[in-house]
Amino acid sequence: LSCQCAGLLANLSENAENQIALVEEAAVPALVTLADAENDEVQQDCARALCNMSSNEENHTILYRQGALKTLVQLTQSTEDVCQRYAAIALRFLASNPEVRVYIVKEGMVGPFLALAESPLLEYQRTAATSLASFTLSEENKGPLVRQGGLRQILACCLYEDLQVVRDCTFALANLADSLELQGDIVREGGIEVLTRIGTSDDARIQRDAARAFASLSVSEEIKGNIVLQGGLPTLFKLARSLDTASQRYSTLTLCNLSSSAHKAKLVEAGAIRPLLFLARFPDMEIQRYAALALAGLALGDHGDNKVRIVEEGALRPLIDMVRFPDNGMQRCAALAVNAVALGPQAVTKKEVMQQDGLLPIMALIDGNDSECIKAGMYALGTLCEAEEVKSKLVELGSIASVVANCGSGDMEMKRSAGYFLARLSETADLHDDLVREGALGTIVSLAALEDMECQEYAAFALAHLASNKDLQVMLVDLGALKPLVSMMAVQAEPRHYAGLALLKLADNFENHVAIAKEG
């Protein structure tokens, strides 16, 4: 009788129109009871019936609440392969339901799925992998899943031979890596080593999720070092050249994050510049931006000989091309990178920007409409003019007029950059006439009158040099240079020294004595 009842329910469930009705008429409790029978045929029909009913999403929650999950787990212990297959498929259906997968993890039912993952049967391994991937789609599941041993099994399954299993478990690992509070667990359980191995796969889906996991993990300052020191870089370089664009994006983002770490010299030694050079030329704006920011990160801080290596390996050319690109976001990233390379005592980096025809694109940023691009361009000019040869070329190209025009309307950051640029130009006596012709002296005096200490220092420095030019001494007084200089002298701060020098120079001219006396 049990055999006939189980067979009847299984046959009826084959028709999709009957599946909801069977559940509503309490077929599930009956099948749960029948499945306890120690009869292979009865168990097989029970598994078939539950599998058919679970193919309908509307039945999932009721099936779970009425005990179908535990019964299906029990049926996986059957010695009949057909029964095993039906049970595995049904479990996969149930675990895919957003509501049911939360119940499974919350009620501590992950264990049976972990046992399936360790089974020698491929169908069970695939069921477990698919289910574990499904569990990680719910944010509330991630912590409990890890505590119930899910992470360890996911990492183990990532190294299985079956492609489907590896795909699902790499996807699950990437989902877990997206949670900051679980990243430490992933590293402790050997997740970096696993990602390093599976990231070299030729499968695009595995590459994509491995790169996504790396990108999430590389946000943490502590884990950046683990990725670099545990051999992750060669895998990331390979992912950066993947044929899958998403894999390239994630891997480039990872390299961008790593480039801001204390291990940036190791990145260059490992060969990071070459793949970043390739990515900077890749026809994808997001990848190009990440590559530019990565190169900027490697150049900042003067670690090792990173700046010189970037220049020698030809990475400046694509960055300058990106500065010309008609997109403000791209221009900002590229300008930051060019600035980072040029910043510092190395004259060769500044000259290389000039030799790669980078001065005009940077000046074009200053004449644009985007305030952030203007700031980036102004700052870059100050950096570049530290090299005498480049300074002269910038003046020849008309940079003074652009800086003066933007200084008056810009914010304090822009005024500081303008002040530094004009101060560096004032050091060179041969450029004084250019400064006068472009109206820069009035701008310098106005910067000296600001309350900002940095602007005062740059302006006082510039005035000290300009005041040494006898032809400009009266002009500077007429422009109102005395008042801000005298005010600086009254404050115990850095600009006081340069202000004193400027006043001494201005006092050398007899025509200024009356004006100086009036200012006290």
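Me: Buried means under 20% relative accessible area, exposed over 50%, and partly exposed in between (1.4 Å probe, protein chains only). Is Cys-83 buried or exposed?

Reply: Cys-83 is buried, because its relative accessibility is 0%. The model is predicted, so local features need pLDDT of at least 70 and side-chain atom pairs count only at pLDDT 80 or more, while totals for chains, interfaces and linings use all residues. Residues are numbered from 1 along each chain as its sequence is written, and side-chain values use heavy atoms, with hydrogens and water left out.

Me: Where is Cys-83 placed, and which residues does Cys-83 touch?

Reply: Cys-83 is in helix α7, residues 81-95 (helices are DSSP runs of H or I, at least four residues, numbered from the N terminus). Contact means heavy atoms within 4.5 Å. Leaving out residues up to four places away in sequence, Cys-83 touches Gln-43, Gln-44, Ala-47, Leu-75 and Ser-78. Lys-142 is 59 residues from Cys-83 along the chain, with 31 Å between their C-alpha atoms.

Me: How many disulfides are there?

Reply: A disulfide needs two cysteine sulfur atoms within 2.5 Å. The count here is zero. Cys-83 is in no disulfide, and the nearest cysteine sulfur, that of Cys-46, is 8.3 Å away. For Cys-5, also in no disulfide, the nearest is that of Cys-3, at 9.4 Å. Cys-5 is partly exposed, with a relative accessible area of 34%.

Me: Which residues of helix α29 are buried?

Reply: In α29 (residues 388-396) they are Val-390, Lys-391, Leu-394 and Val-395. These four are on the same side of α29 because they cover an arc of only 140° around the axis, taking directions from the helix axis to the C-beta atoms. Among the elements that cover them are α26 (347-355), α28 (371-384) and α31 (412-426). Just after α29, Gly-398 has a positive phi of about 90°.

Me: Which residues touch the most other members of the largest nonpolar core?

Reply: Nonpolar side chains tend to be buried together in soluble globular proteins. A nonpolar core is a set of buried Ala, Val, Leu, Ile, Met, Phe, Trp, Tyr and Cys residues joined through side-chain atoms within 4.5 Å. The largest one has 179 residues, of which Ile-154, Leu-394, Leu-463 and Leu-476 touch the most other members. Beyond four places in sequence, Ile-154 touches residues including Leu-132, Leu-145, Cys-169 and Leu-176.

Me: How many aromatic pairs are there?

Reply: Phe, Tyr and Trp rings (for Trp, the six-membered ring) pair if their centres lie within 6.5 Å; planes under 30 degrees apart are stacked, over 60 edge-to-face, and the rest tilted. There are five pairs. Phe-113 and Phe-135 form an edge-to-face pair, because their ring centres are 5.2 Å apart and their planes are at 90°. Phe-113 is in helix α9 (residues 111-117) and Phe-135 in helix α10 (residues 122-135), so the pair ties together parts 22 residues apart in sequence. Phe-113 is buried at 1% relative accessibility, and Phe-135 is buried at 0%. The rings of Phe-461 and Tyr-498 are also edge-to-face, with centres 5.2 Å apart and planes at 85°. This pair links helix α34, which holds Phe-461, with helix α37 (residues 495-507), which holds Tyr-498.

Me: Which backbone oxygen does the side chain of Gln-456 reach?

Reply: The Gln-456 side chain reaches the backbone oxygen of Leu-450 at 2.7 Å. Gln-456 lies in helix α34 (residues 453-466) and is buried, with a relative accessible area of 15%. Its contacts beyond four places in sequence include Leu-447, Glu-451, Met-488 and Pro-495.

Terms used:
Helix = DSSP H or I, 4+ residues; strand = E, 2+ residues; numbered from the N terminus. Polar contact = N/O pair within 3.5 Å; in protein donor to acceptor, adjacent residues only side chain to side chain.
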